[in-house]
Amino acid sequence: MPDSSCPICDEVAGRRSAPGGAIYDDGLWLVSHHLGPYTDPGELIVKLRRHGEALGDLTAPEAAALGPILRAAAAAVERTIRPERVYVAAFSERVRHVHFYVLPRTASMPAGHVLSDVYKRGRTLLRGWGVARNPSTAARADAATRIREDAAWTRLST
Ligand SMILES: [Zn+2]
């Protein structure tokens, strides 16, 4: 495991915490709210618990667990946040640790991943400058709590 240069390993080690704490943790994968200060409630990140940089290096148990976890995360976000769509994406470019974004695309956001990304970049700047309303950390924690309590997590193997 790398040192503190990896923010995901920092969270797994307890040196950073997401709003609302862990939503799901099976010892292989950790699901929690996005830690970004300008994110919307319900933006999740599904993270490999161990430091691994390539999807192709997942163990068989990690790979087998991933599909049901992504399904549960998307279903829980759909039911609690009620977005138009749920986007799931993995880049692992800036943070080279396998992780997936589970992002609600709400009716107030433009459709399409490119427009949505541009919108989010603009939103982050405006919220950072104090021009646009920024949801509170408490609102993010509340979303994490509601998502954690969704029935999707009890149905991972069915
Ligand atoms: Zn890491």
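This is a predicted model: local features need pLDDT of at least 70, side-chain atom pairs count only at pLDDT 80 or more; totals for chains, interfaces and linings use all residues.
**Entry 1: the zinc site**

I started with the metal. Which residues hold the zinc ion? I found Cys6 and Cys9, each through SG, together with His51 and His97, each through ND1. These donors lie 2.0 to 2.3 Å from the zinc ion. Next I looked up the angles, and the four donor atoms subtend 102 to 116° around the zinc ion. The arrangement counts as tetrahedral because all angles of such a site must lie between 85 and 135 degrees, and these do. Written along the sequence, the spacing of the donor residues is C-x2-C-x41-H-x45-H.

Cysteine 6 has 5% relative accessibility, and cysteine 9 has 0%; the cut-off for buried is under 20%. I also looked for disulfides, taking sulfur atoms within 2.5 Å as the test, and the count came to zero.

**Entry 2: helix H3**

Helix H3 runs over residues 113-129, which is 17 residues. From first C-alpha to last it reaches 24 Å, close to the 24 Å expected at 1.5 Å a residue. Which of its residues are buried? My list reads Ser116, Lys120, Arg123 and Arg127. Looking down the axis of H3, I see these buried residues fall within an arc of 65°, so they line one face of the helix. A reminder to myself: an α-helix has 3.6 residues a turn, so residues three or four places apart point the same way.

What covers that buried face includes strands E4 and E5. On the other side of H3 I noted Val114, Leu115, Val118, Arg121 and Trp129 as exposed. After H3 comes glycine 130, with a positive phi near 80°.

**Entry 3: helix H4**

The buried residues I found in H4 are Arg140, Ala143, Ala144 and Ile147. Seen down the helix axis they fall within an arc of 100°, so they line one face of H4. What do they pack against? The partners are strand E1 (22-25), strand E2 (29-33), strand E3 (44-48) and helix H2.

Leucine 70 sits in helix H2, which covers residues 60-81. At 18% relative accessibility, leucine 70 counts as buried, the limit being under 20%. Its contacts, leaving aside neighbours within four places in sequence, are Val46, Val88, Phe100 and Val102. For one of these I looked up the distance: leucine 70 and valine 102 are 32 residues apart in sequence, and their C-alpha atoms are 8.0 Å apart.

Isoleucine 45 belongs to strand E3. This residue is buried, with a relative accessible area of 10%. What does isoleucine 45 touch, again leaving aside neighbours within four places in sequence? I listed Leu30, Val31, Ser32, His34, His99, Phe100 and Tyr101. I also checked isoleucine 45 against glycine 112, which is 67 residues away along the chain; their C-alpha atoms are separated by 19 Å.

**Entry 4: loop residues**

Arginine 82 has a phi near 60°, and serine 92 has one near 50°. Where do they lie? Arginine 82 is in the loop between H2 and strand E4 (85-89), while serine 92 is in the loop between E4 and strand E5 (99-105). Arginine 82 is exposed, with a relative accessible area of 65%, whereas serine 92 counts as buried at 16%.

My last stop was aspartate 57, in the loop between E3 and H2. Aspartate 57 is exposed, at 53% relative accessible area, where exposed means over 50%. Not counting residues up to four places away in sequence, aspartate 57 touches Arg50 and Glu62. I also looked up its distance to arginine 123, one of the buried residues of H3.

Notes. Residues are numbered from 1 along each chain as its sequence is written. Side-chain values use heavy atoms; hydrogens and water are left out. Helices (H or I, at least four residues) and strands (E, at least two) are DSSP runs, numbered from the N terminus. Buried means under 20% relative accessible area, exposed over 50%, partly exposed in between (1.4 Å probe, protein chains only). Contact means heavy atoms within 4.5 Å. Donors are N, O and S atoms within 2.8 Å of the metal (3.2 Å for Na, K and Ca); water is not among the atoms, so sites may look incomplete. Four donors count as tetrahedral if all angles lie between 85 and 135 degrees; four count as square planar and six as octahedral if opposite donors are over 155 degrees apart and all others between 65 and 115; anything else is irregular. The arc is that of the directions from the helix axis to the C-beta atoms. The expected span of a helix is 1.5 Å times one less than its number of residues.
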